[in-house]
Amino acid sequence: QQDDAIHDDVYTITSQPIAPSTPILSIPSNVILTGSMARQELGSQTFGAEDSLLLSDHQPFYLFLKVLTEYELGDQSPWYYWLNSLPRYYSNGASMTDFCFGCLPPYAAGLALAEKKRYKQYVEALSNISFLSEESKQSEEVTKWAFNVVFTRYMELPGGDVALVPMA
């Protein structure tokens, strides 16, 4: 059940009538990236980083690591074309300068600062990750992009997992 008033800017158009609740898009489950799948794939190599985060929810961190891993694979990644289609610039808390925070109203500044803090925690935790190159881990451009891909696109699943659903 969805409240249409909340989603009045999101809609679909069909060229012919279809019944209500008819699926119009299907994404194969094997291309959906989930936090639990990434954790299982990356395995024990991530436990030191997980411990250093001191967060109660690590699932988005695993998506962050997965996006960085796929980035390093380049055009050999099955997700290359989707990742390559995503924006490289984001205007959100993780991307703001200290001056920007001072221009925001207090509540908005607090939310943006929390996002910036989480980004910094993720980057610091990368020092405990051995399977990523130093070049990727030290590139603010790459780490900020991967962080923003996750935090502007992930959705929560029933049961507490999170997912990135590739759509062009």
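**Cysteines, and what surrounds the question**

Guide: In this predicted model, the cysteine sulfur closest to that of Cys-103 belongs to Cys-100, and at 6.3 Å it is too far away for a bond. A disulfide is a covalent bond between the sulfur atoms of two cysteines. The cut-off applied here is a sulfur separation within 2.5 Å. The structure accordingly holds zero disulfides. The two residues fall into separate accessibility classes: Cys-103 counts as exposed because its relative accessibility is 53%, whereas Cys-100, at 30%, counts as partly exposed.

Aromatic contacts may be considered next. The count comes to 12 aromatic pairs. One of them joins Phe-61 and Tyr-122 edge-to-face, with 5.1 Å from centre to centre and 80° between the planes. This pair links distant parts of the chain, since Phe-61 belongs to helix α3 (residues 59-73) and Tyr-122 to helix α6 (residues 106-125), 61 residues apart. Phe-61 and Tyr-122 are both buried. Another edge-to-face pair is made by Phe-64 and Phe-147, at 6.5 Å centre to centre and 75° between the planes. Here too distant parts are linked, with Phe-64 in helix α3 and Phe-147 in helix α8 (residues 140-153), 83 residues apart. Phe-64 and Phe-147 are likewise buried. These four residues belong to one aromatic cluster, which also includes Tyr-62, Tyr-119, Phe-151 and Tyr-154.

Three of them make an open, antiparallel sheet in the order β1-β3-β2. Strands β1 and β2 (155-156) stand at the edges with a single partner strand each, so one side of each lacks a neighbour in the sheet. The antiparallel pairing of β1 with β3 (residues 162-164) runs over two bridges, and Leu-33 stands opposite Leu-164 in β3.

Key. Residues are numbered from 1 along each chain as its sequence is written. This is a predicted model: local features need pLDDT of at least 70, side-chain atom pairs count only at pLDDT 80 or more; totals for chains, interfaces and linings use all residues. Side-chain values use heavy atoms; hydrogens and water are left out. Rings of Phe, Tyr and Trp (its six-membered ring) pair if their centres lie within 6.5 Å; planes under 30 degrees apart count as stacked, over 60 as edge-to-face and the rest as tilted. Helices (H or I, at least four residues) and strands (E, at least two) are DSSP runs, numbered from the N terminus. Buried means under 20% relative accessible area, exposed over 50%, partly exposed in between (1.4 Å probe, protein chains only). Two strands pair if DSSP finds at least two bridges between them.
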